[in-house]
Amino acid sequence: MYIYDDYDQRIVDERVDQFRDQTRRYLAGEISEDEFLPLRLQNGLYIQRFAPMMRIAIPYGLLSTRQVRKLADISRRYDKGYVHFTTRQNVQLNWPSLEEVPDILAELATVQMHAIQTSGACIRNTTTDQFAGVAADEVVDPRPWCELIRQWSTFHPEFAFLPRKFKIAVCGADEDRAATLVHDIGVHLRKDYQGKVRINILAGGGLGRTPVIGALIKEDLEPEQLLNYLDAALRIYNRYGRRDNKYKARIKILVKAMTPEVFAREVEDEWNRIKKISQPLGPGEIERIARNFTRPDYEALADLDFNDLALQGSPQFQRWLKQNVSAHQQAGYSAVTLTLKATADAPGDVSAEQLDEVADLADRFSFGELRVSHEQNLIFADVPQTKLPELWQALDRIGLATPNRGLLTDVICCPGGDYCALANARSIPLAEEIQRYFEDLDYLHDIGELDLNISGCMNACAHHHVGHIGILGVDRKGEEYYQIQIGGSATRETTLGKIIGPSFKREEVPDVIRQLISVYLEQRHDGERFIDTSLRLGLEPFKEKVYGQKAA
């Protein structure tokens, strides 16, 4: 867990005071709606369908139990007793009153949290692998690099009003669990044959109205040049990015228009100019930041035989052990995913009571820390394997032991039309209907890994373009319909899904998914996942199954 120094704390405290005064002046009519708009956005405050929505930053998805308890307390005192975890590893309150937002920010500051730059045309929360620092396949721990980028980007005067929002993701493992190829900038950390850290930079990825996979623009960057290079990339975007049309203002449009090669050349020229007048990252700077992360006091344990461990428990425990428990760097420890996807619960939502219980369990079983994933789940990153049966029993009692991580019912879902003023259709009721339709756990485990993403509009907050099955809410003459695509993936081999055909009414969607899965089950090869089979076969067999002769 990163611990603030005095400078960090002073910045957050002063920001609370500034926003309290800005809010007072707005409510008193001293500043206009237009003047207040950028101020509230850069403090995480939106106006939604029914009420303000406040987005709180969770830098790179890392939370302490003290912070979790504070979120539970705030949700009881200032909201409706629950919070919503988002696909950018942030957390949202859906019902705060504007008058009380400065008080909420003051409460958050007491536990080293804030809402700075969680919205607006600026650099947003940097995201990374939810298993950062513990993943068995990790090459470089991305957390200090994320913190470096956070410190560089927060209140950066040159990048406070970019053409549009800007998102950076960092990956330091063999498997890309941060979806870096669909970010404005993806940072890949690796080591060369001498064991030195080197960095590859990708740019121009993104989803939304125009989905694009990012392009590699720089290989083998020396780590001491990371911030200078990011400065150069942001300057080129800030200089040439379009401001006349918000639908064409993201960096992906600029990179596509210039071509990745020309954009990379422009950045290289700017970087060479910056290098002559700016200092590189100082020696030991990353080590200095890394020292501000507390390290768990691991015991000397040996790895257990999971086959023996599974035989000691019920079938439900065995499924959970197989599906929700991940390998760890430290012998004798595992990482555990708590999917926030129990049937009938809105994906990503957690009640204040559950948050308190989760915090108690994290103190008992995982050194008082939690992670948030972009799949809208929580993670206990450091659980002794000997305590897995006891942890499962405790999670089962509070409804957070659903063994569906990475399965069809682990739905990634935006708030949709129930909250969002931009949505064309409701996402949450559809997610529940799909979960009820596919409640048979034996069937789910037979299907295996399948990412299902539901977005209520083209802004793609649920990343439907990179779901193995992606669903998009659309408006057809005032009625809610749902367009379905298959073949998307957010791994190192990122692919964008393709639309199978005309859209469906909500009540038709679960059966359409069943038909798509039936094609997979009939034609899969040994070891193939749904995504593998769909890419091998292409759209036609799936279209024919769903639409019959009309597909021809």
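Is glutamine 117 buried or exposed? I looked this up before anything else. Glutamine 117 is buried, because its relative accessible area is 7%, and the cut-off for buried is under 20%. The model is predicted, and I read every entry below with that in mind.

**Entry: two residues with positive phi**

I placed glutamine 117 in the loop between helix H4 (101-109) and strand E6 (127-128). Its phi is positive, about 60 degrees, although the residue is not a glycine.

I then went to alanine 344. Alanine 344 is not a glycine either, yet its phi is positive at about 85 degrees. I found alanine 344 in the loop between strand E12 (333-338) and strand E13 (349-351). Its relative accessibility is 41%, so I list alanine 344 as partly exposed.

Which way do the side chains of E4 point? Tyr82 and His84 point one way from strand E4 (residues 82-85), and Val83 and Phe85 point the other way. All of them are buried.

I checked the pairing next. E4 runs antiparallel to E13, and 3 bridges join the two. Tyrosine 82 has serine 351 as its bridge partner in E13. E4 also pairs with strand E5 (residues 91-93), in the antiparallel sense, over 2 bridges. There, phenylalanine 85 stands opposite valine 91. The hairpin of E4 and E5 has 5 residues between the strands. In this hairpin I noted glutamine 89, with a positive phi near 60 degrees.

**Entry: helix H6**

Helix H6 covers residues 226-240, which is 15 residues. I compared its reach with expectation. From first C-alpha to last, H6 spans 21 Å, close to the 21 Å expected at 1.5 Å a residue.

How many residues of H6 are buried? I read 12 of the 15, so H6 is largely enclosed by the rest of the structure. Among the buried residues are Leu226, Tyr229, Asp231, Ile236, Tyr237 and Asn238.

What covers them? The cover includes the helices H5 (143-153), H7 (251-258) and H8 (260-277). It also includes the strands E8 (185-191), E9 (197-203) and E10 (215-221).

**Entry: the UniProt domain**

UniProt, in an unreviewed entry, places the feature "domain: Nitrite/sulphite reductase 4Fe-4S" at residues 119-273 and 410-548. I looked at each stretch in the model. Residues 119-273 are 31% helix and 17% strand, with end C-alpha atoms 31 Å apart. Residues 410-548 are 35% helix and 17% strand, and there the end C-alpha atoms are 29 Å apart.

Threonine 337 has isoleucine 379 as its bridge partner in E15.

The other sheet I logged is open too, with 5 strands in the order E16-E17-E18-E19-E20 and mixed pairing. Strand E16 (412-413) and strand E20 (498-499) stand at the edges with a single partner strand each, so one side of each has no neighbour in the sheet. I traced E17 to strand E18 (residues 469-476): they run parallel and 4 bridges join them. Asparagine 453 stands opposite glycine 470 in E18.

**Entry: threonine 402**

Threonine 402 lies in the loop between helix H13 (388-397) and E16. I list threonine 402 as partly exposed, because its relative accessible area is 22%. Tryptophan 392 is 10 residues away from threonine 402 in sequence and 9.8 Å away in space, C-alpha to C-alpha.

What does threonine 402 contact, leaving aside neighbours within four places in sequence? I found Asn324, Thr339 and Ala342.

**Entry: the second largest pocket**

Of its 35 lining residues, the closest to the centre are Glu175, Glu375, Arg405, Glu449 and Asp451. Which elements did I find in the lining? Helix H11 (315-324), strand E11 (325-326) and strand E17 (452-455) each supply at least two residues.

How values were computed. Residues are numbered from 1 along each chain as its sequence is written. This is a predicted model: local features need pLDDT of at least 70, side-chain atom pairs count only at pLDDT 80 or more; totals for chains, interfaces and linings use all residues. Side-chain values use heavy atoms; hydrogens and water are left out. The expected span of a helix is 1.5 Å times one less than its number of residues. Buried means under 20% relative accessible area, exposed over 50%, partly exposed in between (1.4 Å probe, protein chains only). Contact means heavy atoms within 4.5 Å. Two strands pair if DSSP finds at least two bridges between them. UniProt positions are given in the numbering used here, feature names are shortened, and annotations may be inferred rather than shown by experiment. On a 1 Å grid over the protein atoms alone, a cavity is a set of points where a 1.4 Å probe fits but cannot get out, and a pocket is an open set with protein on both sides within 12 Å along at least five of seven lines; lining residues have an atom within 4 Å of a point.
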